[in-house]
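Thanks for passing this one along.

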Amino acid sequence: MTNKQIELPYMDFFLEAFEEGDSELIKSVGRHAHWGYWEAPTEANGSGSDFAKAAEDMCSQVYVAANVGDGQSVLDVGCGFGGAIASINEGFTNMKLVGLNIDERQLERARNEVKAAESNQVEFVWGDACQLPFPEDSFDVVLANECIFHFPSREGFFAEAKRVLRSGGRLGISDYVPTEILQPFLKLWNLSGLSSIIYGKCDLSYSLTDYHRLARESGLKILREYDITVNTLPTYPFFRQIMEVTATKVRFDLQAEFKLTTDLSEWASAQGLMRYMIFSMIA
Ligand SMILES: C[S@@+](CC[C@H](N)C(=O)[O-])C[C@H]1O[C@@H](n2cnc3c(N)ncnc32)[C@H](O)[C@@H]1O
């Protein structure tokens, strides 16, 4: 497989900009393609390196919640450019690390960027989150960092995560979780069949109640769920700034939707209507 398998215009944009050597963008989102986590959000300074550190901290929030430790086998589903695998590879020993993605171009970047540390094994494989190409009981930890909303179905992914996890293994997830007030609007958006021009197909309609049902029906138990929305808020001004700097390189329709989506998401997050949550579950 050499081509992307899914329409994700933001990924096309990132990969093209990386190819052109956009060093600012590489510094900020070249490793992690997700929101940042600031322990002290008022201290965010808007620089690329500040965002890169916040993205690194977000990634560790998820794998710490999933209890990643030395000697484990870890699967990162929807692994982007391999940032979570890189981070775990740098921090832990005797690891078997596998990143999986449906977009071969991102896997290619991950393979070039992430080399296994001495005692670790690292592999990046092509696959769909809802049809994981691994036997049952293969992993101690499965991670899904800010990607589950793109998958064909959360139910399908949960069933697959449970299947490939050993008994007692952990699933770590970060996702946007709407309140019950916002949920009907997001369900209507899904029914309309529309895709975001910049973010592609995203189903953001799963509430906390839905997460509890998903865990119950797939035989997973939620150990921890926590709301870190306030720690992610500096992401929005940073993204607006990226777009201002790179605006001339981006199609007008992408620019316009990027601005609208960023403004709306920031508003919904600041109002407490859309939460950014981390879940840790046990198989
Ligand atoms: C917002 S990015 C997050 C990437 C990465 N987890 C990170 O945090 O840097 C969403 C990722 O999900 C991947 N993805 C989307 N649909 C997928 C699927 N069905 N199976 C596997 N990966 C998928 C995309 O290619 C992309 O890498």
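1. Which side chain does the side chain of D203 make a polar contact with? The partner is the side chain of S205, at 2.7 Å. Bear in mind throughout that this is a predicted model.

2. Staying with D203: this residue lies in the loop between α7 and α8. Its relative accessible area is 17%, so D203 falls under the 20% cut-off and counts as buried. Leaving aside residues up to four places away in sequence, D203 touches F149, R154 and N190.

3. K201 is found in the loop between α7 (183–192) and α8 (208–218) too. With 42% relative accessibility, K201 counts as partly exposed, whereas D203 is buried. Not counting residues up to four places away in sequence, K201 touches E7, F149, H150, F151 and S195. F149 therefore turns up in the contact list of K201 as well as in that of D203.

4. A polar atom of the K201 side chain lies 3.5 Å from the backbone oxygen of F151. For a sense of scale, K201 and L143 are 58 residues apart in sequence, and their C-alpha atoms are 20 Å apart in space.

5. On to helix α10, residues 235–246. This helix has twelve residues and reaches 16 Å from its first C-alpha to its last, close to the 16 Å expected at 1.5 Å a residue. The buried residues of α10 are T235, Y236, F238, F239, I242, M243 and T246. They cover an arc of only 165° around the axis, so they sit on the same side of α10. E244 and V245, on the other side of α10, are exposed.

6. What covers the buried residues of α10? The cover includes α1 (9–19), α2 (23–29), α3 (48–65), α9 (229–232) and α11 (252–270).

7. Now the aromatics, where the count comes to 21 pairs. Take W35 and Y176: the ring centres are 5.6 Å apart and the planes are at 75°, which is over the 60 degrees needed, so this pair is edge-to-face. The pair links distant parts of the chain, with W35 in the loop between α2 and α3 and Y176 in strand β5 (residues 165–178), 141 residues apart.

8. A second pair worth a look is F239 with F258, which is tilted, at 6.3 Å centre to centre and 35° between the planes. Here helix α10 supplies F239 and helix α11 supplies F258, and the two are 19 residues apart. F239 is buried, with a relative accessible area of 8%, and F258 counts as buried at 8% relative accessibility.

9. How do these rings fit together? Ring pairs link W35, W38, F51, F149, Y176, Y236, F238, F239, F258 and Y276 into a cluster. That brings F149, a contact of D203, into the cluster alongside the rings discussed above.

10. Last, two cases of a charge over a ring. The charged end of R224 sits over the ring of Y226, 4.1 Å from its centre. R109 lies over the face of F81, with 5.5 Å to the ring centre.

Terms used:
Residues numbered from 1 in each chain as written. Predicted model: local features only at pLDDT ≥ 70, side-chain atom pairs only at ≥ 80, totals over all residues. Heavy atoms only, no water. Helix = DSSP H or I, 4+ residues; strand = E, 2+ residues; numbered from the N terminus. Buried < 20%, exposed > 50% of the residue type's maximum accessible area, 1.4 Å probe, protein only. Contact = heavy atoms within 4.5 Å. Polar contact = N/O pair within 3.5 Å; in protein donor to acceptor, adjacent residues only side chain to side chain. Expected span 1.5 Å × (residues − 1). Arc of directions from axis to C-beta. Phe/Tyr/Trp six-rings, centres within 6.5 Å; stacked < 30°, edge-to-face > 60°. Lys NZ or Arg CZ within 6 Å of the ring centre and 35° of its normal.
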